[in-house]
Structures are given as C-alpha cells and as structure tokens.
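Here is a short briefing on one protein model. Look over the sequence and the structure, then read the points below.

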Amino acid sequence: MSQLPIERVIPSLIDKLRTHSQVILKASTGAGKSTHLPLMLLKENVITGKIIMLEPRRLAARNIASYLASLLGEKVGEQIGFRVRGETKVSNKTRLEIVTEGIMTRMIQSDPELSGVGLLIFDEYHERSLHADTALAFALEVQEALREDLKLLVMSATLEHDALKQLLPQACYLESDGRMFPVTTQYQPLKVNQRIVEATESSIRKMLDEEKGSILVFLSGASEIRQLEDRLRNVSSDVIVAPLYGQLEPKKQLQALQPAANGKRKVVLATNIAETSLTIEGIRIVIDSGYERTATFDAKTGITKLEQKRIAQSSAEQRKGRAGRLEEGICLRLYSESQYQQLAVSQTPEIESSDLSSLIVELTKWGVTDPLDLMWLTPPPDSNMNQGKELLCLLGLIDQQGKLTLKGEQAQRLGIEPRLATVLLQAKALSNEHLQTALHILPIIEESAKSIKSNDLSLHLSVFIDGKYPKQHYYQQRVSCLAKLMEVDVDLHNVSLALIGETLACGFPDRIAIEKGAVGHFQLSNGHGVQIDEIESIAQSEHLVVVDLLKGMQNRSQVFLAASLSRTSLNTVCASCIFDVEHVDWDEKSGRMIAEKRTYLNKILLSKERISSPDKNKIAHALLSMVKRKGLDCLGWSSTTYSLLLRLRCMALWMPEYPLPPMNDDDLLSRLDEWLLPFMNGVNNDKHLKSINLKDALEAYVGWENIKLLNEYLPTHYVLPTGTKAAIVYDPQYEPKISVRMQEVYGEADSPLLAQGKKRLVMELLSPAQRPLQTTSDLAGFWAGSYREVQKEMKGRYPRHIWPDDPASHAATKKTKRHFN
C-alpha cells in the first residue's frame, strides 16, 4: 500500500474531479502529486478521455513518464507518453501525456475543443512559467466557451492560494502534506569575504564526516557545479559526486537521479532543476546556497541579462522538501534566518521578465488583440508587449494593425521561436542550401553545447557535420523534426558553413553587428554595444549576426554565439532594413555646414559620402537644430527685441485672458519651425542667423491683434509729466519698473497702473545726480510719508533744486530754482 502523503487526499480529489470542473491542489514536495496521483486517476478511470499534464522542465517530463510507465510494466509511449521539444513518444494507446515547452498551448491552438481530452493538469504551477500561464489562460477560455465538461487541475507545493482563488473562484481547494519525516533546518551564513563554492565545499565535507545519507546541494549554475565537482575529487571512494543541470548529458543526469549502490553515498550538485518534480533517490541532507541564476529580459534593449539572485522563500521550502523522504533529514542553509525572512515570498512570474514575442504570436492566432480579454494570474507587462510587437513587425510576422501576416501564420504553425521560424521560412525561399544550413544550425542555436567553448557558430556546425557534437543523436533528431515541419528531406551535403550568417540575418535584423573600434567590439543595429572575446576568429569580422548574448555591465553585452556576415550578404538579405538619409547639419567645431548621404542598417551607420548641393530646406533645419542645441542666445537679440520678448512673457503671465502662444525658452526652441523658419530665406550659416529680424518674427508669431493689446496695456515707455519718455523695464519675475529723477514726477498723485490695472508701475526715484533715493509702488504713500526725510536731506545737498512741501500738487520740472526766478 502506498505510503505517499497524497494517498490521504486522493479519494476526496477523485470525488471533486467527478463533480467539479476546476480543482486546486496544494501538496508539499514529496507528496506524490506528480507521480502517484496521475497514475491513480488512470487506474480509477476518473476521467473520460485523455489526461494532459504540463511540466515546466523537459528532464522532469521524461523522468516522470519513464517512472510511471515502469510502474505499469510498460514502455514509454504506451499508456504513458510524453512530448517535449524534438522528441515525442505517444501512441493510440496513450491515456496520459506529459508535455512541456508550449506544447499544451499548441495543442489548444490546433484543436480548441481539445477533442478526446478530459483533464488538463498544470503541475508545479508555482514556478509560473510563461507557457503555463499562457496555456491556463487559453484553457479557461476553452472551458468557458467550448468545453464545459473539460476539467482543470492546478497543483503545486507553494501555490499563491488567494490569487488563484480570484482567478478560479469556482474551484475546489484541497491540501496534502508532503514530507513524511521531520527536517531540521540549520542556518550557517557565509563568513566575511568567503566565496560560496568554498563555503559549500566545507559544509559538504563536514556533513560527510558527521552525518549519514546522501546529500543534495543547490547551486546557482553549471559553472559553480563544475568548480565544486573539481574540488571534491579527493573525497572518499565510497562517495559518488554527481552533477545535475539542464545541459548535462542524459546519462550523467540519470546517474544523479538513481540511488547510490550499496555501501555508497551520493553528493548531487544541482541547479534549481532539482527543486521540483524530480525524484532523487536516497537524499537525507540538503545544502542550500540560497542563490539561483535567472534570466531577466530588458524590454528597452531587447536583450536578456543573466543574474545571480537570492531565491524566494517558496524555493527555499521546495529545496528543503527534498530531504526527509525516507528518514529524518537536515536542511543546511548557507545564509542566516534573518536573511531568509527578508527573501521574497514567491518567485517572479516569467511573464514579467521575458521576451513576449512568442506569446504575442499565440495571442494573435487565438484572435486576442487585448491580452486583458483573457484571464491571467499576472497580466503581461505593456513594455514587454510593445517590444515584442516591434520585433514581430521587423520580422514581417505581424502588420501595423497587429494582425498575423501570411508569413506570421506560417511561423505560428511551425511552433518555434519567431526569430527561428523566420530564418526557416526565408531560407526555404532562398535555396535548398540555405534551408539545409538553417535546419542544421537552428538546433545548435536553441541549445548549444556548453562544452564547446567557441562563440563561432561555424565551428559548432562543423563539429556537428563531422558527427562529433555532444549529444549528437539528440541534435540529429531535432534536425529531422524541423525538416519534417518544412516538408523536406535532410541533406547534410547541402549544408554550407559560408551561408550561416546570410541564413540567420533575416531572423536577427536587430542583431546585425558592425565592428566598432577595438578588436572584438561591435555595435548592434539596434544601437546597443556588444563585445566578443578577441581570441575568437570571428572577432576580426567586419560584420556579425549575433544570436545569443547577455547584457553585462557598463551598457555593453557579451556575445556567446554569432556568425560572420559579409557585406555582400548583408546587402542581399537585409535590403529592407538598409536605407539612405540625406544628413545636413551645422558642425560647430569647423564652423561649416556638413552635407552627406548616409547609409544605415537600422541604427548602424554603414557608409557616408559628401553632397555638394544639399537641399535648402535641410540647410534651414540644420541651422534650427544648431539653435536647439545652443539655445536662443545664439540668435541676434537686440535690446529692443529682447524687451519685446519679455513684454510678451509678462502679458502671457499677467493677462491670461488674452491667450498667447507659449513664450518660454523651451517652447520657443521646440517651435522654431513655426516662428523662426518663415524668416530664414537666404540664411545659410550661423552669421546669417544673427541678421534675422527677430522683432518681425515674434510679432508674426503672436499676431497683430495681440501686439496692439501689448502696446496698449504694456507699453515700452511711460510718459512723465515733463514729457520725458521713461523706458519701462519688464521681467515676468518682478513688477514693471522705471527709473526717473524725483522732480519729474512732481504732480503725480499716485503710482500709474499697467496691464488693465493689474500691475502698479514701480518707480525708482533718483537724485539730481541720478543716484537712487527711493523705490516705491505706492507714490501717494511716499509723498505723504518718508518724502519728508528725503526732502530734508536733499535740500542741504542740492539747494539749487526745488524740494516742495507738497510734491503731489507741485508742477513737475527738469530745471533748477534759477529757471523759476
């Protein structure tokens, strides 16, 4: 009788599946949800029709299928089958299919009613893969619109229960325990300056000395695993050190999964591939580094960045759950308990950090223009959606309205990444040589052998052609699969190393690179800088097609896979992305106009040649560009013209009821085409710019009616009682002001008003020697108050001038007392 914890909830689960269309199952690691549960559903004939179970990883899909088939005493492909990229083992007897990598989505696309399918299982849904989210969104719509009888089972060890209940409000919820034995958690944070590999090695050796049982070690990536494997070569002969990661050969993966032989212990060095769905026999101890390596897509550059990050609490619990299945276990965490508390509760959904071009193709095929028309646990971000649409337009797979083109329809049917689908379709249109080259190089691009250190795709392909590529059989199977999709036979003799770059360019038009300065430094056609190891032969190339790169520091990315591209091939296959621009601009260093015909590949400048007679309109706009760079001060502003500008700004601020066009510097610079360009006839250089009549330009810009109002309400001068015209100083930040000798405003009872009475004219009153005596906007108050003190002082200093006792009623004058005698 099974001792798996899931056994206790299976009767209830079977009952719920018979009466409900949606079920949520939370079952901890080791409960048996991925293995025992599907088998029981088959044995009890709970489901009418086939069961499709989605797994997030190929290794898990294959191993679960193998394990279940062995329990039935069958080969894989009979009652239990699987479909993964490049490999399918199913038959007309198959009742349970374990699928991965978007295959469930393609099943729904090809048959929306899912004929013959009774149940869809979404295993390990907490990993929140893009494929799982997409397939669930489609399945919910199928269930609602076409198949009320279709049943959905969403299960995981660490489900976001509340969020899922909102997405599936009608679903039944069940929970199962996981581990059968207690697991003790120990915390051992790294010492200062201690490296993770060094700390992990020390912990492994200590556990081997002090504890019994096999050990599962979680590290962030294959590089750390290889380092640690090398450091553990001198452990006892009864200890087997087994790596486990996605790129590893199947035989070595199997060695990590199988139980150790009698009298032996096993140390499995794994990435997060071992967190879920894989049964690793005999593990009693887990050592958790607390890190994982995750890929984050940058929608601005279209480039992915691989980062080592702290895991989430949900992952930490998953890792811990690998211990204690057979007896009491230990989980040693190489971080502190407080660090654990600071970890994110759950993983970031893949949909938030991925290239969504494939998703857009699937949504468009499904007939969805707005992703929010479907039900998502996490909706796709707008930035990633927009970037994906731009790429698909560039590839010619969707049109400007977002609909699939004929080429896009064909690409969707191929079921591979949009870039690679474009390569295949274009290669077929070019020649059989191009197509055969594409068929053989694409599997390498999908999953290159990391043991071949070269970044040069031609080297990878030559090794493959020689039959010496790692996992050669797998790659040959994948070539055959692609050839079947393209309805052609595999023909190795027509593969051409010289055509790799030309074949790939149409699928990576934004990643055509041109050499830039130092050896190994290139610029992509999207403007992003990349570099390749200078010891690589292709580092000397003039042009590259970059197919795999990761964003690094200082805004430059590292190239991992690329192919050389000749200029002839570039002009042939990228003709639609190459264009000429007549470039005219003012060169401030040389003080002359530069006129060139420039040839671009997207954002890359390929070549340029001088133009002897550039278009006059382009010359004018080149000068306007110079003005925008240097600012309005480079124009010929006279004091009169600048005063007009200030008056207009004051009018806009003080009299908003008379609408003027925007008058600040930024607005005038952004609207040079409107007010300055019409007055630039015959202007060919910076000196001519200074001769433009800016007064006429500004008056034309604001209109004659507004100029009349300006002159009426904000005049340039104020006429004093003596007839003197005093210039009014305007500034939007201050009150309007004049400077005038005090004797010339005798007889003025109060300060004059401007701007329809909204502003008082500030008067700076001067002595006969033009020195400031008083500044006031309240002339009446000054006459009645502090004038007495000024009068007293001025009578002694300037006795020949008139200082009346009643200045408000005295006649204004420019003269001394002598002229009144």
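Domain bounds here come from an automatic or database domain assignment. On that basis the protein is divided into domain 1 (5-176), domain 2 (183-348), domain 3 (353-415), domain 4 (434-597), domain 5 (630-713) and domain 6 (717-819). This is a predicted model, where local features need pLDDT of at least 70, side-chain atom pairs count only at pLDDT 80 or more, and totals for chains, interfaces and linings use all residues. Residues are numbered from 1 along each chain as its sequence is written, and side-chain values use heavy atoms, with hydrogens and water left out.

**Overall shape**
- The C-alpha trace spans about 135 × 65 × 60 Å along its principal axes.
- The radius of gyration, taken over C-alpha atoms, is 39 Å.
- A compact globule of 821 residues would have a value near 28 Å, by the rule of 2.2 Å times the number of residues to the power 0.38.
- The centres of domain 4 and domain 6, taken over C-alpha atoms, are 80 Å apart.

**Make-up and burial**
- The protein has 29 helices and 31 strands. These are DSSP runs, numbered from the N terminus: helices are H or I with at least four residues, strands are E with at least two.
- Of the 821 residues, 52% count as buried, meaning under 20% relative accessible area (1.4 Å probe, protein chains only).

**Helix H12**
- Glycine 367 follows H12, and its phi is positive, near 95°.

Note on methods
Buried < 20%, exposed > 50% of the residue type's maximum accessible area, 1.4 Å probe, protein only.
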